[in-house]
Amino acid sequence: MYKLIAIDIDDTLINDDKKVTPATQKALEEAVAAGVVVTLATGRAYASAHVLARQTGLNVPIITYQGALIKNLLDEQVLYERYVPTEAADKLFKYCIEHDLHLQTYIDDKLYAREENQKLIDYTNLNGTKYYVEPDFAKLVAQPTPKMLIIDEPDYLDEIAPVLRELLGESVHITKSKPNFLEFMHHEGTKGHALKFLANHFGCDLSNTIAIGDSWNDHEMLEAAGLGVAMGNAIPALKEIADFVTASNNDDGVKLVIDKFVFNRE
């Protein structure tokens, strides 16, 4: 019944050691061999996500930047791309300057910040991304970007998120991938929009799709999919909207989903 599975990477596909376990890897391979399209759906940049995707043997389009970019692994053809509207990017930049916030942007799949600090170093250590420091950040803000990102304390980000939603308007999608990452994309740059696009691309009805995630940035794709699955380690709000809650990322939760819903194994 299920023909397309979209899987988040961090705290979903990979365990706390940042690894895909052999059992989960075997389940992915079995699903692909059975004709199921298995793809990744991540907030990560393509440059970071494609390395893991290739390690797992996938060669399909993958969803990156929260859904703002879908790119083929095989020939790196861009299938879907949405940029943060320029006017909104400029407003966000000015707000961050005014409030002394750490802002990052991605240009041509490269990560830029206007200063090097511990926030930038910790972020890039987390996902293995190379970074570039550009003090003249204003010139970058004028260029097309799939995602901008503020890093700060979770409570403070929760406080400013409504302010920024009002400032930037409905053209921008704002979400959190981790408690201290507030991310900004085009309003069609969501994992839900991307899942719908890929289902159509493969001629697959949305009712025949599975989406698996752990964070609030996954909720659009869980709601769009025929079967929305929250990990055992997911945030409570995601579990509430999920059709099924699987085991944690440290207990092969993705494998359990494939066994149960693709192969009907209990």
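Let me begin with a term: a residue is called buried when its relative accessible area is under 20%, and exposed when that area is over 50%. The structure before you is a predicted model.

I turn to helix α2, residues 22–33. Which residues of α2 are buried? They are Thr 24, Gln 25, Ala 27, Leu 28 and Ala 31. After the helix comes Gly 35, with a positive phi near 95°.

Next, the nonpolar cores. The largest comprises 66 residues, and Ile 210 and Ile 212 have the most contacts inside it. Helix α11, residues 253–262, gives the most to this core, namely five residues. A second, separate core has 25 residues, among them Tyr 95, Leu 101, Met 148 and Leu 157. What does Ile 210 touch, if residues up to four places away in sequence are not counted? Its contacts include Tyr 2, Leu 4, Ile 5, Val 257 and Phe 261.

Finally, a hairpin. Strands β4 (residues 69–72) and β5 (residues 78–81) pair in the antiparallel sense over three bridges. Leu 69 has Glu 81 in β5 as its bridge partner. Five residues lie between the two strands, and in the turn Glu 76 has a positive phi of about 60°.

Notes:
Residues numbered from 1 in each chain as written. Predicted model: local features only at pLDDT ≥ 70, side-chain atom pairs only at ≥ 80, totals over all residues. Heavy atoms only, no water. Core = buried A, V, L, I, M, F, W, Y, C linked by side-chain atoms within 4.5 Å. Buried < 20%, exposed > 50% of the residue type's maximum accessible area, 1.4 Å probe, protein only. Helix = DSSP H or I, 4+ residues; strand = E, 2+ residues; numbered from the N terminus. Contact = heavy atoms within 4.5 Å. Pairing = 2+ DSSP bridges. Expected span 1.5 Å × (residues − 1).
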